[in-house]
Amino acid sequence: QQQDTLSANRAKINQLDKEIVHLLGERMEAARAIGIYKQAHHMEVLQSNRFNEVLQKAIEAGKAEGLSEEFIRSLYEAIHKESIRQQEALKKQ
Ligand SMILES: O=C(O)C(=O)C[C@]1(C(=O)O)C=C[C@@H](O)C=C1
């Protein structure tokens with residue numbers, strides 16, 4: 001019985017992790033499209049004000065889910081870093 005609950009929750013985590021990674025892929029696709037726009041309009045890759053807005057929205061949404069601000073900050077620092085890396089990589093093509 002308890003084993004069933006453990007495997008059911010692990011299966012749920014496996015499925016949710018797939019969805020998280022898929023969503024991150026979609027987010028990066030949007031970031032690359034923005035990167036192309038930035039190149040065409042001679043804009044800087046790093047947009048600190050916009051990133052602050054993104055972060056604040058995520059912190060608020062995280063609070064509603066019981067997630068700590070520290071967790072959201074480190075998660076979004078990693079996401080932002082990858083987003084910047086993807087936009088910079090477009091320039092090198
Ligand atoms: O909004 C933009 O300009 C983006 O490129 C998106 C994004 C993000 O991933 O949230 C990435 C880089 C910028 O520094 C700010 C935000």
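This is a predicted model: local features need pLDDT of at least 70, side-chain atom pairs count only at pLDDT 80 or more; totals for chains, interfaces and linings use all residues.
Residues are numbered from 1 along each chain as its sequence is written.

The predictor's confidence was examined next. The mean pLDDT of the protein is 97, with 100% of its residues at 70 or more, where pLDDT is the predictor's confidence in each residue, from 0 to 100. The scores of the model are ipTM 0.99 and pTM 0.95.

The secondary structure consists of three helices and zero strands, following the pattern α-α-α along the sequence. Helices (H or I, at least four residues) and strands (E, at least two) are DSSP runs, numbered from the N terminus. The C-alpha atoms fill a box of roughly 60 × 30 × 15 Å along the principal axes. The radius of gyration of the protein is 17 Å, whereas a compact globule of 93 residues would have one near 12 Å; the radius is taken over C-alpha atoms, and the globule rule is 2.2 Å times the number of residues to the power 0.38. Among contacts with a separation of 6 or more, 70% join residues 24 or more positions apart, a contact being a pair of residues whose C-beta atoms, placed from the backbone, lie within 7 Å.

Buried residues make up 4% of the 93 residues. A residue is buried if 20 or more other C-beta atoms lie within 10 Å of its own, exposed if 12 or fewer, and partly exposed in between, with C-beta atoms placed from the backbone. Helix α1 is hardly covered, with a count of one buried residue among its 39. In α3, the buried residues are Ile-72, Ser-83 and Gln-87, and these pack against α1 and α2. The 23 residues of α3 should span 33 Å at 1.5 Å a residue, which agrees with the 33 Å between its end C-alpha atoms.

Helix α3 also contains Glu-77 and Lys-81. Glu-77 counts as exposed because it has 11 C-beta neighbours inside 10 Å, and its C-alpha lies 8.8 Å from that of Leu-55, 22 residues apart in sequence. Lys-81 is exposed, with 10 other C-beta atoms within 10 Å; Lys-81 and Leu-46 are 35 residues apart in sequence and 9.9 Å apart in space, C-alpha to C-alpha.

His-42 lies in the loop between α1 and α2. Although not a glycine, His-42 has a positive phi of about 50 degrees. Most residues other than glycine have a negative phi. His-42 counts as exposed because 6 C-beta neighbours fall inside 10 Å.

The residues around the ligand are Ala-31, Ile-34, Leu-46, Gln-47, Arg-50, Phe-51, Val-54, His-80, Ser-83 and Ile-84, a residue being near a molecule if its C-beta atom, placed from the backbone, lies within 6 Å of it. At least two residues of this shell come from each of α1 (2-40), α2 (48-64) and α3 (69-91). The shell comprises six nonpolar residues, three polar and one charged; Ala, Val, Leu, Ile, Met, Phe, Trp, Tyr, Cys and Pro count as nonpolar, Asp, Glu, Lys and Arg as charged, and the others, Gly among them, as polar.

Note on methods: Two residues are in contact if their C-beta atoms, placed from the backbone, lie within 7 Å. The expected span of a helix is 1.5 Å times one less than its number of residues.
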